[in-house]
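The following paragraphs consider how side chains pair within a single model. Please keep the sequence and the coordinates in view while reading.

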Amino acid sequence: MSTWARAWHDALYGEDGFYRRAEGPSGHFETATHGPVGRALATTLIGLARDAGAHAVVDVGAGRGELLHALRDAGHEGPLLGVDVVERPADLDPASGWVRSPGGAALPSARDVEEALGAPLDGALVVAHEWLDVVPCVVAQVDDAGSLREVHVDPDGTETLGEDVGADDLAWAQRWWPAREPGQRVEVGRARDDAWSGMLDAWRPRAAVAVDYGHVRSQRPEPGTLSGYRDGAVTAPTPDGSCDVTAHVAVDSLRHDELVMGADAVRRWGPSAASPEHDLARRDPAGYLDALARASAAAALLGPPYGDFWWVVARG
Ligand SMILES: C[S@@+](CC[C@H](N)C(=O)[O-])C[C@H]1O[C@@H](n2cnc3c(N)ncnc32)[C@H](O)[C@@H]1O
């Protein structure tokens with residue numbers, strides 16, 4: 001039995017952790033970085049990078065390089081770097097850099113990142129697409145007496161209540177996720193806040209965006225959101241390395257300049273979801289089909305689930 005935070009970290013980033021497996025995250029679930037939607041996402045990020053005056057992109061939690069490929073396809077010409085816990089993927093284009101990371105809340109140093117990027121970080125946009133939801137955090141629950149206690153877990157997922165949460169976690173919960181009713185859960189966002197701020201302070205990028213599913217203070221989910229993913233399906237969160245373990249992100253407690261909904265981000269920086277003129281079909285049938293595919297990929301980013309993701313934007 002150990003705390004959820006510890007068990008979660010070991011299950012994902014330990015020696016045989018889930019994220020060290022050969023098949024990578026895309027072997028278990030689809031994200032907006034994949035396929036034609038990935039290109040529309042990349043176009044949106046290129047628009048944000050331009051808006052922020054960044055010409056390089058660093059992708060934290062780069063999986064097996066899916067977003068890096070999409071950024072090149074979408075026309076990004078500046079330096080590109082992927083950061084993840086595994087070795088450089090064999091099929092990554094030679095012009096893109098790669099650096100290994102310890103995983104979870106821990107990241108490589110600014111020096112290592114700049115060296116691998118081949119450009120200064122103050123000209124870079126850092127993208128963290130579905131990183132923070134897999135940064136393990138303290139999971140707590142209100143007991144029958146009204147105290148907030150840390151939840152402990154066995155590798156098979158069996159839970160028990162441990163000690164009262166520490167003073168810093170309690171203070172975070174009181175400010176960001178007040179819970180009083182017995183049984184209510186709190187996924188204490190401090191570890192995510194610190195990981196994000198730590199990156200901003202250490203790397204000092206031109207701008208950074210965390211794109212993730214999350215919630216704000218007025219909409220915290222009372223039972224919590226801790227869940228597992230395996231082979232494309234939602235499963236019970238089991239910290240034994242057999243599945244992903246994830247919890248939505250309390251986005252408003254993260255340091256930010258702007259919180260933007262995914263759909264608004266696409267409208268502001270991304271490609272148009274408007275269907276091409278019918279006339280194009282007659283003049284250039286292949287071009288028409290291509291434009292139609294791009295518009296429908298953009299439309300996929302406007303609707304659920306990706307349109308409801310949060311874009312947490314911090315500018316340097
Ligand atoms: C949910 S997957 C998302 C992958 C990809 N960004 C996407 O959206 O398809 C989370 C990824 O974050 C990586 N990750 C977790 N902690 C990390 C860290 N500290 N540094 C770099 N990558 C990390 C995991 O190894 C995994 O590949």
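Arg-21 is partly exposed at 29% relative accessibility, where buried means under 20% relative accessible area, exposed over 50%, and partly exposed in between (1.4 Å probe, protein chains only). Its partner in a salt bridge is Glu-23, with the closest N and O atoms 3.2 Å apart; a salt bridge requires a side-chain nitrogen of Lys or Arg within 4 Å of a carboxyl oxygen of Asp or Glu. Glu-23 is likewise partly exposed, at 35%.

This is a predicted model, in which local features need pLDDT of at least 70 and side-chain atom pairs count only at pLDDT 80 or more, while totals for chains, interfaces and linings use all residues. Residues are numbered from 1 along each chain as its sequence is written, and side-chain values use heavy atoms, leaving out hydrogens and water.

The structure holds 17 salt bridges. One of them joins Arg-72 and Asp-93 at 3.4 Å, N to O. Because Arg-72 lies in helix H3 (residues 66-73) and Asp-93 in the loop between strand E3 (80-84) and strand E4 (97-100), this pair ties together parts that are 21 residues apart in sequence. Helices (H or I, at least four residues) and strands (E, at least two) are DSSP runs, numbered from the N terminus. Asp-51, Glu-258, Arg-268 and Arg-315 are linked in a network of salt bridges.

Turning to cysteines, the number of disulfides (cysteine sulfur pairs within 2.5 Å) is zero. The sulfur of Cys-137 is 15 Å from the closest cysteine sulfur, in Cys-243, and therefore too far for a bond. Cys-137 is buried at 1% relative accessibility, and Cys-243 is buried at 0%.
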